[in-house]
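Here is a short briefing on one protein chain. Keep the sequence and the 3D view open as you read.

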Amino acid sequence: MFADMMGYSRLMDEDEELALAMRRKMETSLQNLIPQFQGTIIQFYGDGAMCTFSEAGRALHCAAKLQQILRIDPEVPVRIGLHIGEIAYDDRNIYGETVNIAARIESFGLPGAILFSKQLAKNLPDDTSLTVKNLGPFKLKNIEEPIELFALKAPHLLVPNAKQLAGKGHSLKNSLAVLPFVNMSSDPENEYFSDGIAEEILNVVSKVENLKVTARTSSFSYKGRNEDIRQIGKELGVAAVLEGSVRKSGQRVRITAQLISTEDGYHLFSETYDRTLDDIFAIQDEIALKITDQLKERLGIESKKKHLVEAPTLNMDAYNAYLRGLFHWNQYSPQEAQIAMGLFQQAIDLDPNFAKPYAILSFCLAFLGGTTEMEPKKAFPVARESALRAVKLDPQLAEAHCALGLVRMFFDWDFEGAEMYFEKAAGINEKNSNYLVTYGLFLVAAGRFPQAIQTLEKALEIDPISFLAHAYLAEALAMSADFESALKLIEKMEGLFPHHVFMALMKGNIYLLKGDYEKAQEALKKKIEMELPIFKDFVVARGIAAAGLGDTERYLKCKKRIESLVPDYPQSDLNIHRAMLAVADDDMGTMLDNLNQAVEKRLPGMVFVVNHPYWKKIYRDERSKALLEKIKMKGRQIE
């Protein structure tokens, strides 16, 4: 059992004497009550306490009595959470998932209420004095399986409903995943259209207040897989799934959509729409409204809008080109991004007032410029121009503001200006996964690691199978020196993305930051094809590990290998990679020379030099001050 006094810190600022008196009342009450119900106080911590009991019934009776006492003037606002299961002890504390779950349940509590898990409810005795209310399933932070929560009912207790609860996680009642629609057309190339329709519907319903919608990356990972809806619901942590199919022939289109409960596989609705392409936005609107209508009662969702979809263009050829571009952009590779750019430009040529292609075109350019697949000085100015045009046409496009944030961060090296645009994106839709992931990356670059971790954890709640969100979170954890959590996350990623070569590099880099060069060298042994963009990163990481182990021969071999790659990377000349190897060899002159060249070329990677712990020691050198003046970004690692 976890019991925690709410608002204690704030009250200490306002009335320290009252705050201390209330805490003493809580502690005294626990010390008197716990032994009466055969419990044990494991520890007091600040304004809370952790206790254990031998039986579930005794634990709930104790919690109820405690709330009854604490509601007598002066009332102490305490929330209580309980769970049942195995625990591990040492001399000072208890550990295990049972403890973590109880703490997460307590975070959802309200003063005067008692919340507990279904597992504990199932272990209650036949006791008519213990009546409970089912609040439904919740996805708790860092807990894999959904947990069904209950509240204890009694005249002196607050009995909340699911809508009132907010804590470390979210209710599954107000959650939805939109799966990719199946292409039923005779032409397999129409897959772009079925994918695009599903994604457009997903983007619309994700803006509905109080509705959590799984992001595209995770929901589209089920494409082509014949998975049971209940299993999908369990893996994504959602209460309902929308699936469907699209048959397109000429100007005619048939769209079938069905909303299914993941609890029992029950169809909440199933509709078929036979229309012309000119009606495509009306169909999207009908489906979105139908979803929110069905979720009103079942999931506690409310939407007062009569229409959720506004036609973004009246030119269907432009919309078709946009959907084709979206299909290629979502492959997330430099080659596919180049194809997508051509299609977005085609959509713009057909309808210069169509905002969406401008926004995603900007993202494509920022992606290519950020990875130096395009020369940054050519990519980012066009990305800025395109995003500004999108914002002018439609100020409510969160992606356009995020793209402007990326330009300000990677090209202008202006953290304050970048954050201004990310804040605008959050104001439009703070549940947008593009916003959460790009803002998380910004926070990593800015050295604000705790906030980056919090933001990227939110991204994973919405997009639990996002490679980028996982990767950026692992980096934030490692950069904040939480190496254990970073490595645990890598283990999880190895299960989710078993064939992704990037995993070995991430693990190696974590060990490098930790200073464990032997384990870094072991992790980096994976064979990498020279054609892959990350080959050069592996060479550098192996060189740093060799330098750390005093293996001069291997270090020089890696250094020579990087020099041999320079002709293959004319946009970057590998200046930052050369500088990293120079740092490993304490060659400050070579390091500064290369970083100064990188500044002249405005290489986007410079944004990470300012706050990354790897570069920290360079700031002890007086010559680095001139470099920092050129970058004009605050280096938190210098402090």
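Start with two helices: the axes of helix 18 and helix 20 (residues 502-514) come within 10 Å and cross at roughly 10 degrees. Angles under 35 degrees count as roughly parallel, so helix 18 is roughly parallel to helix 20. Note that this is a predicted model.

**Helix packing**

- Helix 18 meets helix 20 through Phe467, Ala471, Ala474, Ala478 and Met479.
- Now turn to helix 15 (residues 415-429) and helix 16 (residues 433-445). Their axes lie 10 Å apart, and the packing angle is about 155 degrees.
- Angles over 145 degrees count as roughly antiparallel, so helix 15 is roughly antiparallel to helix 16.
- The crossing of helix 15 past helix 16 is left-handed.
- Helix 15 makes this contact with Phe415, Ala418, Glu419, Phe422, Ala425, Ala426 and Asn429. Helix 16 answers with Tyr435, Thr438, Tyr439, Phe442 and Ala445.

**Nonpolar cores**

- The largest nonpolar core holds 175 residues. Phe181, Leu242, Met409, Met591, Leu595, Met606 and Trp615 have the most contacts inside this core.
- Which helix gives the most to this core? Helix 12 (residues 355-370) does, with eleven residues.
- A second core is separate and has 36 residues. Leu11, Val76, Phe116 and Leu152 are among them.
- Look at Leu595 in detail. Setting aside neighbours within four places in sequence, Leu595 is in contact with Ile576, Ala579, Met606, Val609, Trp615, Ile618 and Leu627.

**Strand pairs and hairpins**

- Strand 2 (residues 39-45) and strand 3 (residues 48-53) run antiparallel, joined by six bridges.
- Ile41 has Cys51 of strand 3 as its bridge partner.
- Two residues separate the strands in the hairpin of strand 2 and strand 3. In this hairpin, Gly46 takes a positive phi near 55 degrees.
- Strand 15 (residues 252-261) pairs with strand 16 (residues 267-276) in the antiparallel sense, over nine bridges.
- Val253 stands opposite Arg275, which is in strand 16.
- The hairpin of strand 15 and strand 16 has five residues between the strands. Gly265, in the turn, has a positive phi of about 75 degrees.
- In a regular strand, side chains alternate between the two faces of the sheet.

- Most residues other than glycine have a negative phi.
- Tyr332 has a positive phi, near 50 degrees. Tyr332 sits in the loop between helix 10 (316-329) and helix 11 (334-350). Its relative accessible area is 41%, so Tyr332 is partly exposed.
- Arg602 also has a positive phi, near 55 degrees. Arg602 lies in the loop between helix 25 (588-600) and helix 26 (624-631). At 23% relative accessibility, Arg602 counts as partly exposed.

- Ser466 lies in the loop between helix 17 (449-462) and helix 18 (467-479). Is Ser466 buried or exposed? Its relative accessible area is 3%, so Ser466 is buried.
- Ser466 touches Thr217, Ser218, Leu460 and Phe497, not counting residues up to four places away in sequence.
- Ala523 belongs to helix 21 (residues 517-523). Buried means under 20% relative accessible area, so Ala523, at 15%, counts as buried.
- Ala523 touches Ala504, Lys507 and Gly508, again not counting residues up to four places away in sequence.
- How far is Ala523 from Leu350? Their C-alpha atoms are separated by 50 Å, and the two residues are 173 apart along the chain.
- Ile87 is found in the loop between strand 4 (78-82) and strand 5 (88-89). With a relative accessible area of 30%, Ile87 is partly exposed.
- Leaving aside neighbours within four places in sequence, Ile87 is in contact with Thr52, Ile94, Tyr95, Thr98 and Val99.
- Ile87 and Thr52 are 35 residues apart in sequence. From C-alpha to C-alpha, Ile87 and Thr52 are 9.8 Å apart in space.

Definitions and conventions:
Residues are numbered from 1 along each chain as its sequence is written. This is a predicted model: local features need pLDDT of at least 70, side-chain atom pairs count only at pLDDT 80 or more; totals for chains, interfaces and linings use all residues. Side-chain values use heavy atoms; hydrogens and water are left out. Helices (H or I, at least four residues) and strands (E, at least two) are DSSP runs, numbered from the N terminus. Buried means under 20% relative accessible area, exposed over 50%, partly exposed in between (1.4 Å probe, protein chains only). Contact means heavy atoms within 4.5 Å. Two strands pair if DSSP finds at least two bridges between them. A nonpolar core is a set of buried Ala, Val, Leu, Ile, Met, Phe, Trp, Tyr and Cys residues joined through side-chain atoms within 4.5 Å. Axes are lines fitted to C-alpha atoms, for helices over the stretch in contact, and angles run from 0 to 180 degrees between N-to-C directions. Angles under 35 degrees count as roughly parallel, over 145 as roughly antiparallel, 65 to 115 as roughly perpendicular and the rest as oblique. A crossing is left-handed if the near helix is turned anticlockwise from the far one by less than a right angle, and right-handed if clockwise.
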